[in-house]
Amino acid sequence: MFHSRSFAPGLSAGLLLAASASIGFPAHAATAPALARPEPAQVQAVEKALASAPQVLKADVGAALPTLRPYVVTLMCVQEDRATQGLISKFVGSRGTSMFNGWAGAMSPGKRIRSHDMVGCLSVTRIQNWKRVAANEFSFDILFTADDSGESYVWTTVVHEEPDGTWLIA
């Protein structure tokens, strides 16, 4: 269920939706019961973290942003298992991965943090350990932090460019 606590105090829903949309977080998903809505500071933190890619990966990260932005926001805002269904079909594709085959929200970063109340989004503290894996693949770790408990969790991601130029989670 969407809780009002997810709204930033004093901000209109329209402004928050605009902030969410600026990182590719669809307005309809922001109101879905399975996802919390990120606060403006959390949206800015995602942008800052994605911009931290080393120079050798900047072009690939830039090309992958249409996948990376909603992927990161979905991971940080999962409240219940249903929220990951669209994430898998949209960003993993038909080839699947060992991590995502049969994946449910129980494997989300928020559910791995014991004291997080699952009401609001986690915050992205930073993205680190950027690495070139192959000519068409790179990896990184996302450090998520629960603002309510102070706990954190590191989530490793590998991103792969398909032959048609789209970027998917590998």
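## Buried or exposed?

A residue counts as buried when its relative accessible area is under 20%, and as exposed when that value is over 50%. Keep those two cut-offs in mind as you look at this structure, which is a predicted model.

Let's start with helix α3, which covers residues 40-50. Its buried residues are Q42, V43, V46, A49 and L50. Look down the axis of α3 and these buried residues fall within an arc of 130°, so they line one face of the helix.

What does the face of α3 turned away from the buried side carry? That's where you'll find the exposed residues A41, Q44 and K48.

## The whole protein

Now zoom out. The protein has six helices and four strands. Going from the N terminus, the order of elements is α-α-α-α-α-α-β-β-β-β.

Of the 170 residues in the protein, 47% are buried. As for contacts between residues at least 6 apart in sequence, 58% of them join residues at least 24 apart.

Across the protein, pLDDT averages 75, with 65% of the residues scoring at least 70.

Two stretches deserve a careful eye. Over residues 1-33, pLDDT stays under 50, and the model has 64 contacts beyond four places in sequence for them.

Definitions and conventions:
Residues are numbered from 1 along each chain as its sequence is written. This is a predicted model: local features need pLDDT of at least 70, side-chain atom pairs count only at pLDDT 80 or more; totals for chains, interfaces and linings use all residues. Side-chain values use heavy atoms; hydrogens and water are left out. Buried means under 20% relative accessible area, exposed over 50%, partly exposed in between (1.4 Å probe, protein chains only). Helices (H or I, at least four residues) and strands (E, at least two) are DSSP runs, numbered from the N terminus. The arc is that of the directions from the helix axis to the C-beta atoms. Contact means heavy atoms within 4.5 Å. pLDDT is the predictor's confidence in each residue, from 0 to 100.
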